[in-house]
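Subject: Structure for your review

Dear colleague,

Please find below the structure that I am handing over to you.

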Amino acid sequence: MSTFGTLFRVTTFGESHCAGVGCIVDGVPPRMQLTEEEIQIQLDRRRPGQAGAGAISTGRNEADAVQILSGTEKGVTLGTPIGMFVKNKDMRPHDYGDMSQIPRPSHADFTYQMKYGFRASSGGGRSSARETIGRVAAGAIAEKFLKQKYGVEIVSWVSAVGDLVLPDDKIDLTTLSREQVDAHMVRCPCLETAEKMTDIIKAARAEEDSVGGVCSVVIRNCPIGLGEPCFDKLEAKLAHAMMSIPATKGFEIGSGFDGAKMRGSAHNDMFKIDPKDGKMYTTTNYSGGVQGGISNGMPIVLRVAYKPPATIGKAQPTADFTGANCTLEAKGRHDPCVVPRAIPIMETMVALVLADMCLMQEARKNTVPELPMEISPYFCDPTMDGTVSYNGVLTGWPGNENKESNKAQMHAKKAELEAQLAALDAELAK
């Protein structure tokens, strides 16, 4: 299907060589300031033909200028569906003439032909990475909503190209920024490693071949309580989103496959209460910010493996649609490695998942009935920020011996209410 999400929902449309691509985004909250320029930032990071990246990217050059068609007025969202469109301009369908009857090895040509009995004859159609423009545009809106409402930060980077892996100790996940990632065209935040990755990609291109890689993502300040067990667990939805991106072949979160090699006593993330704010956290993060399919407030860390791009210029013995043996030397302009341009796609797909989950948890948080405390001393109101309240009264965790964390929470709430009261007094005085 071409629709993703439940409450915050996007439908993408368009093919690589049609008039254009775009999306319709439903569920965007009203009264949020939104401009084309804000959306364009992520589209510019995704687009082909970026300055300086030609040596490791496709030769196709598209401006990918987005146009908002509906859902906003005077730069403010209306709460109605937002339609966005990007024109295709730099197409060369003639590059695919000789390949129209030869399914490219490991590409979608064969499967699309078998599934539909017909397919886009050039550019890859819906299987092309051009389709991701709609995702990125929609996800840019989701990112703004998450940042304004919850302070969420999403940063992706290239952590491996071929067999060259960026060592974990080369980056600080608590401070890593998109500016650091974008400092090098390969989008690895360690410049020394980035240069070596660039050499690997250039070598593959020189041989008319391609190479795969791995992209990682860190999500900071994620609200607690996101995820809908059992089948819509947060990591399941993130995996769904990541594995829907073209060329992806693997997904892991937290300790991932390395966790299978550990003992439970080493892998378990122990809980502590921060005396400053009374909120619980874990001293380690092998869970990757998700436990039981629900976010726990710790940073979420995930990794996605990308295969080498299938369309290469190197001669390959294969067969055409008649079954006749032939040799394919693919024409056209294609990425020798997709991971540098996958970064904004991953960030925005993550944002789409989180925005959808946030709307679900907000609905739950704001609709729970009151419950008498004598039923259980351990129930609390659904939360998204880690504070503990009972029937709307901020109290902190029961049994806290020194009560300091409870007081910290109540003082913070008092200050918030006093600020709101002062603002109302100022309005009344006008």
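Leaving out residues up to four places away in sequence, Gln42 touches Val136, Glu143, Arg178, Pro344, Glu347 and Thr348, where contact means heavy atoms within 4.5 Å. Gln42 has a relative accessibility of 3% and therefore counts as buried (buried is under 20% relative accessible area, exposed over 50%, and partly exposed in between, with a 1.4 Å probe and protein chains only).

Please note that this is a predicted model, in which local features need pLDDT of at least 70 and side-chain atom pairs count only at pLDDT 80 or more, while totals for chains, interfaces and linings use all residues. Residues are numbered from 1 along each chain as its sequence is written, and side-chain values use heavy atoms, with hydrogens and water left out.

Gln42 belongs to helix α1 (helices are DSSP runs of H or I with at least four residues, and strands are runs of E with at least two, numbered from the N terminus). Helix α1 (residues 36–46) packs against helix α3 (residues 132–150) at an angle of about 135°, and their axes are 9 Å apart. Axes are lines fitted to C-alpha atoms, for helices over the stretch in contact, and angles run from 0 to 180 degrees between N-to-C directions. The helix α1 is therefore oblique to α3 (under 35 degrees is roughly parallel, over 145 roughly antiparallel, 65 to 115 roughly perpendicular, and the rest oblique). On the α1 side, the contact includes Glu38, Ile39, Gln42, Leu43 and Arg46. By class, the contact of α1 with α3 has 7 nonpolar, 2 polar and 4 charged residues (Ala, Val, Leu, Ile, Met, Phe, Trp, Tyr, Cys and Pro are nonpolar; Asp, Glu, Lys and Arg are charged; the others, Gly among them, are polar).

A second pair is α6 (residues 234–243) and α8 (residues 339–365), which pack at about 145° with axes 9 Å apart. Among the residues in this contact are Met242 of α6 and Leu354 of α8. The contact of α6 with α8 comprises 10 nonpolar, no polar and 1 charged residue.

The largest nonpolar core has 83 residues (a set of buried Ala, Val, Leu, Ile, Met, Phe, Trp, Tyr and Cys residues joined through side-chain atoms within 4.5 Å). Val25, Ile39, Met84, Ile141, Leu146, Met242 and Leu354 touch the most other members. The helix α8 supplies the largest share of this core, 16 residues.

Yours sincerely
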